[in-house]
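These are my notebook entries on a structure that I had not examined before. I set down what I looked up, topic by topic.

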Amino acid sequence: MKVTLIAAIGANNELGKNNQLLWHLPNDLKRFKQITTGHCIIMGRKTFDSLGRALPNRTTIVITRNKLMAVENVVFVEDLKQALLTARKLNEVHCFVIGGAQIYSQALAYADSLDITHVHDSFEADVFFPSIDLKVFQQIKNEVFQKDETNKFNYTISSYEKIHKKVPALFLDRDGVLNKEIGGYITNLEDFEINVAIIPFLKKKQEDGFKLIVITNQGAIDKGLLTHEQLLEINNKMKLAYAESGLFFDEIYYCPHHNEVSVCLCRKPKSLMLQKAIARFNININESMMIGDHERDRFCAEGAGILGIIIPSNEVEVLYS
Ligand SMILES: NC(=O)c1ccc[n+]([C@@H]2O[C@H](COP(=O)([O-])OP(=O)(O)OC[C@H]3O[C@@H](n4cnc5c(N)ncnc54)[C@H](OP(=O)(O)O)[C@@H]3O)[C@@H](O)[C@H]2O)c1
């Protein structure tokens with residue numbers, strides 16, 4: 001089964017705002033219908049909400065954590081792996097992941113190809129397509145379309161195919177590296193401030209083809225001081241702050257456990273979060289490194305065969321020396 005991510009994105013990877021699209025390009029919508037009809041489409045629950053109905057003549061799979069969802073002609077599944085497995089069980093030959101941002105970012109690792117409409121303008125957005133790593137996806141086709149009376153923007157339709165090659169990754173501890181360590185748990189948005197001095201370092205790594213992957217212990221969740229939703233909000237604040245500088249995290253892995261409360265395999269210094277990332281993104285461990293501000297980050301990295309670099313909390317400038 002072939003997996004293609006199909007999306008229309010702005011000049012800064014913008015996808016949508018307030019659960020709506022940012023432009024109206026009827027010709028591109030017609031093309032979308034033509035390409036996906038007769039195949040399987042996979043989407044997140046929010047994108048499904050924004051469409052408001054199942055699209056006809058397509059196997060429609062919607063990903064949600066809500067086990068109670070039921071709509072005629074729609075298959076609801078609990079995660080992307082289940083979505084892909086369901087499509088395979090239904091003997092689908094070509095599966096299109098149609099969004100939104102959350103689902104694209106999860107599906108990129110499984111994509112064989114990308115079908116991207118690049119809209120030639122910038123937009124205010126609250127969700128973004130993940131960065132397209134040109135070391136992983138090779139552009140094989142480009143077709144430019146000029147604006148007209150009904151299609152108000154110029155756009156280019158680009159096809160990308162995955163190059164089967166391992167990629168390097170920069171694994172990043174969060175607190176003390178990407179944002180200010182405050183000496184306690186960050187449980188509200190106000191306390192979250194990024195370490196801007198790390199931006200040029202990350203940009204260079206991103207330009208060099210490194211995946212940027214956050215590996216963070218969030219034991220405050222286990223202790224009842226933080227909810228998953230609050231953490232998601234804080235992480236979204238971080239993503240948006242870095243996106244302003246053109247930086248996109250390929251994934252944020254967090255361990256919600258704390259050893260005073262429960263036992264797990266993921267909390268650093270254990271390496272499970274890294275190992276998941278290595279398998280999912282086809283990472284070359286010999287070219288990758290992890291930056292943290294605790295010995296547990298180094299142990300975690302070395303447990304996965306990766307070089308660990310320890311910096312003093314918040315002193316990200318040392319990365320340039
Ligand atoms: N420009 C384009 O081509 C394009 C295409 C599609 C969408 N969009 C835009 O993208 C926006 C929507 O994107 P979005 O990122 O906010 O939402 P989304 O990806 O469409 O859906 C997110 C939802 O999917 C479910 N989900 C995500 N990850 C999951 C997981 N690991 N396990 C189980 N369920 C999971 C959750 O549903 P529950 O909350 O129900 O659990 C989550 O709230 C809208 O603005 C839309 O217009 C743009």
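**Entry 1: strand β7.** I began with how far β7 is covered, and found that 5 of its 7 residues are buried. The model I am reading is a predicted one. I next looked up the partners of this strand. With β1, strand β7 (residues 113–119) forms a parallel pair over 6 bridges. Within that pairing I noted that D115 of β7 stands opposite I6, and that T117 of β7 is the bridge partner of A8. With β10, the pairing of β7 is antiparallel and runs over 7 bridges. There I found L114 opposite Y160 of β10.

**Entry 2: the sheet around β7.** In what order do the strands of the open sheet of 8 strands follow one another? I read the order as β5-β4-β3-β6-β1-β7-β10-β9, and the pairing is mixed. I then checked the edges: β5 (74–77) and β9 (137–145) each have a single partner strand, so one side of each is left without a neighbour in the sheet. From one strand to the next, the twist averages 20°.

Two helices on this sheet were looked up as well. Helix α1 (residues 26–36) packs on the sheet and touches β1, β3, β6 (94–97), β7, β9 and β10 (155–162). The direction of α1 makes about 170° with that of β1. Helix α3 (residues 80–89) lies across β1, β3, β4 (59–63), β5 and β6. I recorded that α3 runs at about 165° to β4.

**Entry 3: the ligand shell.** I turned to the surroundings of the ligand. Which of the 27 residues around the ligand come nearest? They are G16, G44, G99, G100 and A101. I also asked which elements supply the shell. At least two residues each come from β1 (2–9), β2 (14–16), β3 (40–44), α2 (45–51) and α4 (101–107).

**Entry 4: residue L15.** I picked out L15, which has its place in strand β2. Is L15 buried or exposed? It has 22 C-beta neighbours inside 10 Å, and therefore L15 counts as buried. I then listed its contacts, leaving aside the neighbours within four places in sequence. L15 is in contact with A7, I9, G99, G100, A101, A125, V127, F128 and F129. One of these, G100, is 85 residues from L15 along the chain, yet the C-alpha atoms of L15 and G100 are separated by 7.6 Å.

Why do I describe strand β13 (residues 251–255) as largely enclosed by the rest of the structure? The reason is that 4 of the 5 residues of β13 are buried. The parallel pairing of β13 with strand β12 (residues 211–217) extends over 5 bridges. I found E251 of β13 opposite I213, and C255 of β13 as the bridge partner of N217.

**Entry 5: the chain as a whole.** The chain contains 8 helices and 15 strands. Its radius of gyration is 20 Å, close to the 20 Å that the globule rule gives for 321 residues, so the chain is as compact as a globular protein of that length. I read the spans of the C-alpha trace along its principal axes as about 55 × 40 × 40 Å. Of the 321 residues of the chain, 37% count as buried. Lastly, I looked up the contacts with a separation of 6 or more: residues 24 or more positions apart account for 68% of them.

Definitions and conventions
Residues are numbered from 1 along each chain as its sequence is written. This is a predicted model: local features need pLDDT of at least 70, side-chain atom pairs count only at pLDDT 80 or more; totals for chains, interfaces and linings use all residues. A residue is near a molecule or strand if its C-beta atom, placed from the backbone, lies within 6 Å of it. Two strands pair if DSSP finds at least two bridges between them. Axes are lines fitted to C-alpha atoms, for helices over the stretch in contact, and angles run from 0 to 180 degrees between N-to-C directions. Two residues are in contact if their C-beta atoms, placed from the backbone, lie within 7 Å. The radius of gyration is taken over C-alpha atoms; the globule rule is 2.2 Å times the number of residues to the power 0.38. A residue is buried if 20 or more other C-beta atoms lie within 10 Å of its own, exposed if 12 or fewer, and partly exposed in between; C-beta atoms are placed from the backbone.
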